[in-house]
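Please read them with the model open beside you.

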Amino acid sequence: MALVLFLSVFLIAACGLIYELIAGTLASYLLGDSVLQFSTIIGSYLFAMGIGSWLSRFIDRALVSRFITIELMVGLLGGFSSTILFLSFTYTTGFRFLLYALVIGIGILVGLEIPLLMRILRERFQFKELVANVLTFDYMGALGASLLFPLFLVPKLGMVRSAVLFGLVNAGVALWSTFLFKEHLPSPLMQRAVCAVVVLILGGGMAVADRITDTADAALYADDVIFSKTTPYQRMVLTKWKQDYRLYLNSHLQFSSRDEYRYHECLVHPGLASIPGAKHALVLGGGDGLAVREMLKYPGLESITLVDLDPEMTRQFSTHPLLVQLNGGSFKNPKVHIVNADAFPWLEKNEALYDFIAVDFPDPNNYSLGKLYTTAFYRLLKHHLSQNGVAVVQSTSPMFARQSFWCINETMKQAGFNVHAYHVYVPSFGEWGYVIGTQGDWRPPTQLPSGLKFLTLKNVAGLFDFPPDLAPVPVEPNRLNDQSLVRYYDREWREIVR
């Protein structure tokens with residue numbers, strides 16, 4: 001009996017943390033800036049739990065009935081939390097309000113659970129034993145949830161199913177409590193019937209979870225969604241309109257098949273074509289294989305190493321027929337070696353030198369990405385560049401994020417690179433920028449590989465010319481302990497949205 005009771009504490013704690021993690025993850029997916037989202041959500045959730053614990057003092061009668069009711073309320077609210085958030089982001093303008101209302105509502109209910117359960121159990125255990133065991137199983141439940149969430153729930157079940165599953169767990173705790181404490185219930189059968197109804201409602205939610213996600217995606221994206229996948233790192237969505245395929249990561253457009261060649265030709269060829277006899281190349285990010293496709297136009301290259309954090313990204317672009325067609329089957333080439341790892345620690349452990357390095361990370365819209373645009377990262381990058389090698393970094397838009405662009409340029413300069421900034425017009429994005437970094441002098445290429453759709457020797461020179469509205473502006477470099485770039489980026493793109 002005691003083990004079953006404390007198992008309830010374990011499950012309650014796991015459920016509460018799962019709902020918190022789902023809210024933080026969804027907010028970072030949909031709003032960006034994961035540090036801000038997780039920080040404010042955790043703070044709000046803990047504050048709400050404190051309110052719930054304080055409110056528990058006012059519950060004096062029918063403790064078991066109140067506990068069962070609260071469990072069912074947590075199960076319903078938490079179980080459908082991700083569904084509510086997905087649909088509200090798609091169909092309403094009040095996503096932030098609803099997000100924090102849900103977090104606070106669930107937090108208050110979770111804050112009520114443990115104090116009530118301790119009061120229910122105090123007649124069965126000595127006080128010191130009760131407190132020790134309840135807190136032990138509470139913390140163990142939190143640990144179990146924190147491990148289960150990234151390793152199994154997100155990659156295997158997704159956000160909607162994970163929330164509903166733990167809603168069912170809360171409902172299950174309520175149901176078995178009607179048997180454990182039946183002597184304290186005036187009408188156990190009625191309570192069990194209510195529990196069964198909640199279980200059926202949540203079971204129905206589990207059955208239609210995929211349809212809910214598909215409905216939200218279809219309404220969120222203007223074009224037809226032909227593929228979507230939630231990974232431990234991001235949400236991938238591929239859309240189609242006529243012959244235009246678009247990839248979105250966490251709701252941010254990554255490329256359009258109509259004009260991605262402009263972006264990727266300019267990312268690769270101004271730098272790589274300027275290095276005679278280049279043999280070894282490295283791509284950081286670029287899990288779509290499109291930059292690798294461009295590099296394979298150089299038969300002299302002996303090896304191309306691609307380091308991308310998300311194995312699902314590289315798997316899809318290695319196997320999905322449409323995606324393989326887009327990258328020309330580049331990941332199947334024997335010269336290409338794929339590594340799924342965080343680029344920062346991978347560079348620290350790896351000792352190889354490369355003649356050409358293409359840094360193709362998503363824009364620095366949060367601090368996790370911002371660390372890959374710091375002086376610390378670029379100094380590390382410089383150690384992996386051969387004496388006459390060239391590194392190029394995609395550097396956001398010099399038109400829409402002018403300070404951000406020149407901040408990246410200044411950061412590379414502070415890291416010891418000789419820098420050469422350039423830009424190109426990509427219809428899907430507007431003006432887009434890059435920065436070349438070298439250890440010595442650098443000259444633009446005198447020849448390019450055949451088969452390019454956009455880049456020519458004639459227009460390469462023009463890429464390095466900046467008109468007055470794109471010209472350099474005063475900026476601070478982006479350092480690891482003070483990421484000015486993320487602040488620049490957030491402010492500039494927020495002004496565009498307004």
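1. A word on terms before we start: helices (H or I, at least four residues) and strands (E, at least two) are DSSP runs, numbered from the N terminus. This is a predicted model, in which local features need pLDDT of at least 70 and side-chain atom pairs count only at pLDDT 80 or more, while totals for chains, interfaces and linings use all residues. Residues are numbered from 1 along each chain as its sequence is written, and side-chain values use heavy atoms, with hydrogens and water left out.

2. On the overall picture, the protein has 18 helices and eleven strands, and its C-alpha trace spans about 90 × 45 × 45 Å along the principal axes. Of the 498 residues, 55% count as buried (buried means under 20% relative accessible area, exposed over 50%, partly exposed in between, with a 1.4 Å probe and protein chains only). Contacts (heavy atoms within 4.5 Å) with a separation of 6 or more come to 72% from residues 24 or more positions apart.

3. Next, the cores. A nonpolar core here is a set of buried Ala, Val, Leu, Ile, Met, Phe, Trp, Tyr and Cys residues joined through side-chain atoms within 4.5 Å. The largest has 66 residues, and Leu 99, Phe 149 and Met 159 touch the most other members. Elements giving two or more residues to this core include helix H1 (2–31), helix H5 (95–121) and helix H6 (127–180). Apart from this core lies another, of 48 residues, with Phe 255, Cys 266, Tyr 298 and Tyr 422 among them.

4. Do look at Leu 99 in more detail. Leaving aside residues up to four places away in sequence, Leu 99 touches Ala 23, Ala 27, Ile 41 and Leu 85.

5. How many residues of strand E6 are buried? Five of the six (residues 303–308) are, so strand E6 is largely enclosed by the rest of the structure. Strand E5 (residues 280–285) pairs with E6 in the parallel sense over five bridges; pairing requires that DSSP finds at least two bridges between the strands. Opposite Val 307 in E6 stands Leu 284.

6. Ala 62, in the loop between H2 and H3, has a positive phi of about 50° although it is not a glycine. Its relative accessibility is 38%, so Ala 62 counts as partly exposed. Lys 242, in the loop between strand E2 (235–241) and strand E3 (244–249), is also a residue other than glycine with a positive phi, near 55°. Lys 242 counts as exposed because its relative accessibility is 56%.
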